[in-house]
Amino acid sequence: MQVNYRYMGTSQVASNSQHTQVSFSPDTLRPPTFFVGELKNKLAFREAMSALHQVVISDMRFTPKNRDEYQRWLTEQEQTLLADLVSKQGKVKQQLNQVRDELAAMNKVASKIMAPFYQAQNQYFKYLYKHDIDAWYVLDPVITVHPDQVFFECFSEDESSYGKLSCSYEVFKNISDTEFGTTNIDYSEGLYNEFQKIRDYRDTQLKIDPDGFKVATSGQQDFAEKKIDLPDSWVRGFLQVSSAMTLPMVRLKMQPMDLYNICFKLRTKKERVGPRAMRFELTPGQAIKVILEPWGEEILCPRSIYQGDEPRSIRVWGRRRLHILERLLPIASHFEVCLLGDGMPSFYIADLGGMSFTLGLSGWSANDWSKMANFDLLASRAEVDSQTSAKVYQALFESQQQSANRLALQLGLDLNTVKSALAQYSQHGQVLYDMELDVYRIRHLCHEPIPLEQLRFNNEREEKALNFVNTGLVSIQKDQFNENGRYIAGQVLDNAVEHQSFISLDLDHRLVDGQCNCHFWHRNKLRQGPCEHMLALRQQTSNGSL
């Protein structure tokens, strides 16, 4: 999906001894959106924007070591090592020494010739990362101006973490220009470095530049154009977040010190084997317990009491991404933890007093928001006719933000009908559910329509798998839990042919083995991922958790 951005100049921070101005350059291809106001709590804003930056650069994917330099050294030493091995033969010792000297001279010349190239290559990548880090990122952050707050949204580089910083109008003074809407903002590594210069004794102005749209109309200045071939997984990930926020959750209130203890333990320990889960043991009226696997170490959270009605045990993965929240621990009054279920997405909301920071995490680090374990989040949940959906959307658009209950009363519609209509628009990236305030907000992710059917699935095998499940063509014959994980076997009817399949999941819910008698599996095994019949087995057994 190709996305076009058009910025008037770049975002920047200007500072002197008494005043700081944070000026964001908006995308002029979108409808005019701007905001100008002075910050009251500067340090909290600085720390929150720094945490948002940590989301942007977060990448928990495995990166193999670069062994090019070692391989070059090994090539240079190969002849020397071989010569040492046979040099004991006196008759050829002199000849070997001569050849070794010649090879050493040749290698020295080769290294001298290639050294400028390797040095320039190294310097180029270092310069690119330091001065033009935008090239390493795919999507600029999204900012939305609403009647009650301004909020920023971003996605991590590995597409497994979502960040949202909400600033209510209470944290501003001397608000002047405002225009409600959503736009992308130009963002860079240098801008983050300038944020670190914000101080409490300087007046700080937040400015989403309205001049950009005035100049865009007159066409008198040059613009920075960006044309990005945006991977479908990035857009799909944002849509997954919007959709996941509307699902039922278990909510916990945790104190910053308890969350600090979890981060501290993760800093001091390094797991070498799985499972790498963090298990919440919840008993009504008692302190929350967190078990860190595989060590089985229990962290008691005496300041955080579970207020639920029934005992629960929920396991989540990708726990090291919680380090993103560390800069917020000194300034947060409390955290609200929202858990969807075992191996499902989770959300952590920091209350910063007039501001809030939401961190959304996918099931686990290697499973980004767009992977197969979550594709059913974009499934239609209830049928609502287009006229009713448009009526609900128009009522929300007029107020920009509203709760589902108020919309139902205003329109005289059933509450479930309103929620289903809003869920449809959230799946299309036009509506965002605010978990903290329990309201729905207008937020257009892109200025162009998003082809949802094109983005819903990673490949046609996922689509086929869901069709098998929806049409009742999947029968589970065995579903067993064991010390190594879970074993699922069953039968899928595909074009009147019965396919016998099985899959094995490890303790981290990852598919580690599987077999099917279809042509795709015999040709590719698991090198291209599981076949549609294996995916159907997994989807059939996970339906209860969605």
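# Buried cysteines, charged pairs and a surface patch

Biologist: Is cysteine 338 buried or exposed?

Modeller: Cysteine 338 counts as buried because its relative accessibility is 0%. Keep in mind that this is a predicted model.

Biologist: How many disulfides are there?

Modeller: Zero in this structure.

Biologist: What about cysteine 518, and which cysteine sulfur is nearest to it?

Modeller: The nearest cysteine sulfur belongs to cysteine 516, 3.7 Å away. A disulfide needs the two sulfur atoms within 2.5 Å, and cysteine 518 is in no disulfide.

Biologist: Why does cysteine 518 count as buried?

Modeller: Its relative accessible area is 4%, and buried means under 20%, so cysteine 518 falls in that class.

Biologist: Let's step back. What is the chain made of, in helices and strands?

Modeller: There are 14 helices and 27 strands. The chain has 546 residues, and 50% of them count as buried.

Biologist: How much accessible surface does the chain have?

Modeller: About 26900 Å², with 49% of that belonging to carbon and sulfur atoms.

Biologist: Now charges. How many salt bridges does the structure hold?

Modeller: It holds 17. In general, side chains of opposite charge can pair when their charged atoms come close.

Biologist: Which residue does glutamate 153 pair with?

Modeller: Arginine 443, with the closest N and O atoms 2.7 Å apart. The two are 290 residues apart in the chain: glutamate 153 is in strand E6 (residues 149-155), and arginine 443 is in the loop between strand E23 (439-442) and helix H11 (452-455).

Biologist: Are those two buried or exposed?

Modeller: Both glutamate 153 and arginine 443 are buried.

Biologist: Which residues are linked in a network of salt bridges?

Modeller: Glu271, Arg276, Arg319 and Arg320. Within that group, arginine 319 forms a salt bridge with glutamate 271, the closest N and O atoms being 3.3 Å apart. That pair spans 48 residues: arginine 319 lies in the loop between strand E17 (312-316) and strand E18 (334-339), while glutamate 271 lies in the loop between helix H7 (256-268) and strand E14 (278-282).

Biologist: And arginine 276, what does it pair with?

Modeller: Arginine 276 forms a salt bridge with glutamate 271 too, with the closest N and O atoms 3.9 Å apart.

Biologist: Where is glutamate 293?

Modeller: Glutamate 293 is in the loop between strand E15 (287-292) and strand E16 (297-305). At 10% relative accessibility, glutamate 293 counts as buried.

Biologist: What is glutamate 293 in contact with, leaving aside neighbours within four places in sequence?

Modeller: Pro275, Arg276, Ala277, Arg279, Arg315 and Arg319. Its side chain makes a polar contact with the side chain of arginine 279, at 2.6 Å. Proline 275 is 18 residues from glutamate 293 in sequence, with 6.0 Å between their C-alpha atoms.

Biologist: Last one: what share of contacts join residues at least 24 apart?

Modeller: Among contacts between residues at least 6 apart in sequence, 69% do.

Technical notes: Residues are numbered from 1 along each chain as its sequence is written. This is a predicted model: local features need pLDDT of at least 70, side-chain atom pairs count only at pLDDT 80 or more; totals for chains, interfaces and linings use all residues. Side-chain values use heavy atoms; hydrogens and water are left out. Helices (H or I, at least four residues) and strands (E, at least two) are DSSP runs, numbered from the N terminus. Buried means under 20% relative accessible area, exposed over 50%, partly exposed in between (1.4 Å probe, protein chains only). Contact means heavy atoms within 4.5 Å. A polar contact is a pair of N or O atoms within 3.5 Å; within protein, one must be able to donate a hydrogen and the other to accept it, and residues adjacent in sequence count only if both atoms are side-chain atoms. Accessible areas come from the Shrake-Rupley method with a 1.4 Å probe; for residues, only the protein chains shown count as cover. A salt bridge is a side-chain nitrogen of Lys or Arg within 4 Å of a carboxyl oxygen of Asp or Glu.
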